[in-house]
Amino acid sequence: MSKKFLAAAAIAALMSTSVLAQDAPVELRFAHWVPPQHPLHVTGMTEWIESIKEASGGSITITLYPARQLGQAGDHYDMARDGIADIAFVNPGYQPGRFPIIAAGELPFLVSNATGGSAALDAWYREYAEQEMADVKVCLVHFHSPGTFHSREPIKVPADVNGMNVRPAHATMAAFVSALGGQNFQVSAPESRDALERGVADAISFPWNSILIFGIEDVATYHLDLPLYATTFAWAMNKARYEGMSEAQRQVIDDHCTSEWAERVATGWANDEDSGRETLVSMEGHEAYAPTDEEVAQWREAAAPMKDSWAQAVTGAGHDADAVFQGLVDKLEEHDAAY
């Protein structure tokens, strides 16, 4: 590479930084509902914010508001839409039926890991995001690491859920619990500990280390050792705030709203969640049950109707459900993240 080329590249970078530095400062509020010690806050979100600040020459600063400081977990999409937050961390499954397309990612036995899976989910959903989440600018979407049932009494086969009160991760898992004869006690993740401690819920569907993050390990001591499902998340941005930025600042945001960043922000959380399995299994009084092949087949059979229900909802929204679902599967396979 020639010295002239390197010099020209350096000058261009300096000019770009200078232009950004001259832009009016933008201060954004990023709301989420997990605790500040959560790995998504500590690694994914913080690294994303710092990268934006650096890339914008300091003209874009973002402050995190964790632990429901600006609103309840289920309200975060509307908070971004209405400008209560400039950016919000959204669990679409907290609002059943509102976002039927992205709910494909909630289906059991679909995703093997959250790293490649998040890149796949983001790349696939970009075709549908502007329609399904038209009120906001969808920056990126991602998964958490596959989760399972954690309970006060053992859950080994689908019939064991019958008669239990379960806190489900999202609408799809709620439908699954109902189909198995269980009762749903729907609360957000931060409220789950109280529900289990008071005995209002007998079980919860969570990824592994979240049991520790939310302090549930003392009451949920039985674990189904099966990657049963995943949860989808979206980072939603207020449109007016985005459009009010300079062209250079919008480009910085766009450069951080990509499938690559979706995988990057999910990776630290995924590694943390997966490490939680070993921690819980090694704890005194905890028991993890690995189903036999025959029992896994029972779980698969029990979960199969969930896809049919999802397809009906997507068809009702005017889409070809088979094509939508196959598109997600293709992306998951492309990123080595299919179950």
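The model is predicted, so local features require pLDDT of at least 70 and side-chain atom pairs count only at pLDDT 80 or more, while totals for chains, interfaces and linings use all residues. Residues are numbered from 1 along each chain as its sequence is written, and side-chain values use heavy atoms, with hydrogens and water left out.

**The open sheet.** Select the 5 strands in the order S2-S1-S3-S10-S4, which form an open sheet of mixed pairing. Strands are DSSP runs (E, at least two residues), as are helices (H or I, at least four), numbered from the N terminus; two strands pair if DSSP finds at least two bridges between them. At the edges lie S2 (60-65) and S4 (137-143), each pairing on one side only. Neighbouring strands are turned by 20° on average, direction ignored.

Next, select S1 (residues 26-31), which runs parallel to S2 and is joined to S2 by 6 bridges. Within this pair, Phe30 has Leu64 in S2 as its bridge partner.

**The packed helix.** Proceed to H9 (residues 247-255), which touches S1, S2, S4 and S10 (232-237); contact means heavy atoms within 4.5 Å. The direction of H9 makes about 50° with that of S2, where axes are lines fitted to C-alpha atoms, for helices over the stretch in contact, and angles run from 0 to 180 degrees between N-to-C directions.

**Around S8.** Select S8 (residues 203-206): Ala203 and Ser205 point one way, Ile204 and Phe206 the other, and all are buried (under 20% relative accessible area, 1.4 Å probe, protein chains only). S5 (residues 148-151) runs antiparallel to S8 over 4 bridges, with Ser151 opposite Ala203. S6 (residues 165-167) pairs parallel with S8 over 2 bridges; there, Val166 has Ala203 as its bridge partner.

Technical notes: Buried < 20%, exposed > 50% of the residue type's maximum accessible area, 1.4 Å probe, protein only.
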